[in-house]
Amino acid sequence: MSQRESSQEYRFNETVFRWTSYLLVALMAACCAWTLGSLLNRLMPSWQPLLMTTVCFLISLDSLYTNNRWKDQAIFSKEWVVTFVTRWIVILLLVKTLTGLSHGLDAFLAEIPLWRTDFLTRFMTNDFLISVVMVIITWFLSGHFAGLLDEMGMEHALITMDMGSAAHRDEPLARDRLVSLIFTICTILVMITGLVRVNLRAIFAGQFDSLFFDLPILAGGGASTLAYFMFGLALLSQTQFISLHTRWNLAHIPVSKKLAGRWALYSILFLAILAGLVSLLPTSYSMGLLSSLGNLIDLYMQFFYYIIGFVFAALVLFLNMLLSLFGVKAPFIKNAFPTNNIPKLLNQETSGGSSLPWLDIARSIIFWVIFLGIIFFSFSHYLRQHQEVLIRLRRIPGWRILAQFWRWIRGKFAGVKRGISKMVESGLERLRLRREPGVGDGKGRYLNLKRLNARQKVYFFYLALVRRGGEHGLPRSPSQTPSEYAATLEDALPAADEDIDSLTGSFVEARYSSHPVPPEEANRVRTAWERIRKILRGKK
Amino acid sequence: MVDTFIPLLVLLLLLAALMRDDFAITLIYLVVGAVAIGTWWSHRSLARITFKRQFAAWAFLGEKIDVGIQINNKGWLPVLWVDIQESLPVALSSFPFFEHVTTLGPRAETRYHYTLEARKRGYYPIGPLFASTGDILGLSRPVRLQGLVQFLTVYPKIVPLTSIDLPSSSPQGTLRHTQPIFEDPTRTFAKRDYTVGDSLRRVDWKSSATTGRLQVKLFEPSIALETLIFLNLNAEDYLIRTRIDSTELAIVIAASLAAWVAGKKQTVGLKVNGTDPLMGDSLPQYIPPRKGQANLMRILEKLARVEMNSGISFVEMIRQQRYHLSWGTTLLVITGLVGDDLLDELYQARRAGQNVVLILAGPSASYGDISDRAGHFGIRVVSIPNERGLDIWRK
């Protein structure tokens, strides 16, 4: 692919990914507005979250689209002031109209004449002011997102490279700032969603027994916060592609044409699999951690109890049969087999769960395993990224013992894993062999020397020399060149000195030259090989 | 990157603990799942990638070597992106160095080709090949895999020589000679009438019967040229300013002489006090004199790999070796500077019946002086100040 084609392809990819990113940012802004709207709806029941969500989506798109134009204008210049003021007047009028219409057309029309009498109170209503604040936040956040997306593009990268600007060197990368921004907004949204679930009236009334509403997962801003996070992940995937692509282009590294398409496909698949997995995982538990652990141990004990019971029963049966041969009455008939008198499995905690107690236990165990796994993963991931913390931890007394214990556990698990893999691998190998009976019996490897051309014949005789040499205790080491191996053979077989040299020389010529090998050469090699073979037999 | 989602995770854990809410736990799963699955995917897919590099491991100077790289994804998990970067010696390649970014589907393979140019003799590592990838979201650090290193031997330059007059005292070889002392009874070139004093062994009875007069065979004199090249790569034995060029020239001379002798179907060997990176020690390297193309390739391989070093005495090396050489062997001694001890050693070799040719590689200000001193001992001296100097053997 030529440099020009590559550049054109890059431009196309960048445009597609930029517009996709804009759409994702606008959707994220809408999700934010919806979550905030859920809280406002809780405080002011007349609040219409859907309306402001739509407004924020459009405002965000507008901000993203016009961001580049704003950059071209000098700040506080006449042109800039005119554009800014007119734009915001239009936006404010739109917001006022929509907030007014949210109470009904008649109410809005009735409200208009009142603006003349008391403009500040009548025009600047609470819902209008809140909407304006939301619009302003959306506008500036979207502009910030657009700026970060621009920084990741090729144009900005080229400008930075040309300027060699030292001022930007200490600044974190645009993508890092974008990730930070997405997670920070997500944290705020989680707090808002948490607040929606808090029963504020109960707190103010001093009723602390019912502090939280028991809302479904998707209610009260839950759905929009989760959607924000999913859109955020999609945006991260897009920006990761574009920042990598920019870096590769700057370094003139050829990139596979298939990459852009596959990236989009795998992003969708990744998010779908993630969402699917998360939807399958248990999000509630009916038993605490210790109860789940206790039940797990009970289950384990019960299994062993049964095993021991069956072994004992078999023993008793055998003894009774043996004694019956001597006419003695069986003394061990009572309680010989395991009874139902086993440890009680279920704890009292499960009583409020589903109709299937086993399902409750399984769900709780899975929940706690995943939960502890998440904590462990986060902790280890954090330590891996912060080596300095790890170094400090290592200085704590007792850390060494813990580390040794951990290594021991890991070693055991690794051993078990290796054993299982080996077992599975050997099983699969056996199955493969059964399926392909012709592979191992050597019939398929029959070689007709007459069908080989002269070059192949030379190869054949040389390989025969190597094989026979190996059989006679003169193996060729993988690092040996043909001539080095010839020296080894010559030392051991001085009588075949000339023939070994000749055969090796012919092989080197056949292997590393492009000119045709004459059939006489192959015959000569054959004669040399036959002489060497005789000497090798004599050595035996 | 981890710093950005840790506060979110802590907050979610707090919410989950306080509220026991499905929403918080679902979001925890999403946050950790995104990082964990992404990281696992990149690690797992990279672990299933295999590389295979194919190229001719030996090349002559000036040849172009086509290197093929085959990248296989052995797993069922697709590889989102992989940046393949090859580490190459600058002596063989030039910018842009081989680097490609590709994507691999499940059980897929891709191939790349690039060309190396054998511009300088040597033993070069090709690789290691680095493959790096990362997660789809860019939340964890990129992971890197290092592939195998293979080696390429570039033979030294061989200047085709045509007219070298090397002395030899080994009788009955395949090379014609002028001195009748080296008559070869297998090479009859004429017959003449018997004269008194001719040995009866020389009488050709068949010709005598045919002609009716006693005829004797005349034999062509011939010699066998058993040659051992002593190559000095001790840095201290070369002028400091031209050390690198002179040692390289010495190697070219050794390779060209070895090729010429082997081309004449004579035995040739090599003893050099340089370092062979394959051997792992700095002892002198020795290839015993033998006939044939295989032995020549062995010598060329050694000359391709060998590097200049310091500390191994050249005179000591000759002294230890020459006792094992047969009478009449020709010693081709290639060095930079010549001291009295070397001349003394070469004189001893001459006294022991060996023929010595002293070849000075690189510029030498005292050639006349050395030539005079060597002349007293009956040692022939040839000065090759640069590669064009080899023309004296090409006329």
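A crossing of two helices is called left-handed if the near helix is turned anticlockwise from the far one by less than a right angle, and right-handed if clockwise. Keep that in mind for the views below, which come from a predicted model where local features need pLDDT of at least 70, side-chain atom pairs count only at pLDDT 80 or more, and totals for chains, interfaces and linings use all residues. Residues are numbered from 1 along each chain as its sequence is written, while chains are lettered from A and ligands numbered from 1 in the order in which they are written.

**View 1. H19(A) passes H20(A) in a right-handed crossing.** Helices (H or I, at least four residues) and strands (E, at least two) are DSSP runs, numbered from the N terminus. Here the axes of H19 (residues 482-492) and H20 (residues 497-512) of chain A come within 10 Å and cross at roughly 165 degrees. That makes H19(A) roughly antiparallel to H20(A). Axes are lines fitted to C-alpha atoms, for helices over the stretch in contact, with angles from 0 to 180 degrees between N-to-C directions; under 35 degrees counts as roughly parallel, over 145 as roughly antiparallel, 65 to 115 as roughly perpendicular and the rest as oblique. Residues making the contact (C-beta atoms, placed from the backbone, within 7 Å) include A:Ala486 and A:Leu489 of H19(A) and A:Ile500 and A:Phe507 of H20(A).

**View 2. Here are the buried residues of H19(A).** Look for A:Pro482, A:Ser483, A:Tyr485, A:Ala486, A:Ala487, A:Leu489 and A:Glu490. A residue is buried if 20 or more other C-beta atoms lie within 10 Å of its own, exposed if 12 or fewer, and partly exposed in between, with C-beta atoms placed from the backbone. Their cover includes H18 (454-471) and H20 of chain A, plus H5 (293-305) of chain B.

**View 3. H3(A) meets H7(A) in another helix pair of chain A.** The axes of H3 (residues 78-101) and H7 (residues 126-151) come within 10 Å, crossing at roughly 135 degrees. So H3(A) is oblique to H7(A). This crossing is right-handed. Among the contact residues are A:Val95 and A:Lys96 of H3(A), with A:Phe128 and A:Val132 of H7(A).

**View 4. B:Ala47 sits in helix H2 (residues 22-47) of chain B.** With 13 other C-beta atoms within 10 Å, B:Ala47 is partly exposed. Its C-alpha atom is 9.7 Å from that of B:Arg144, a residue 97 places away along the chain.

Terms used:
Two residues are in contact if their C-beta atoms, placed from the backbone, lie within 7 Å.
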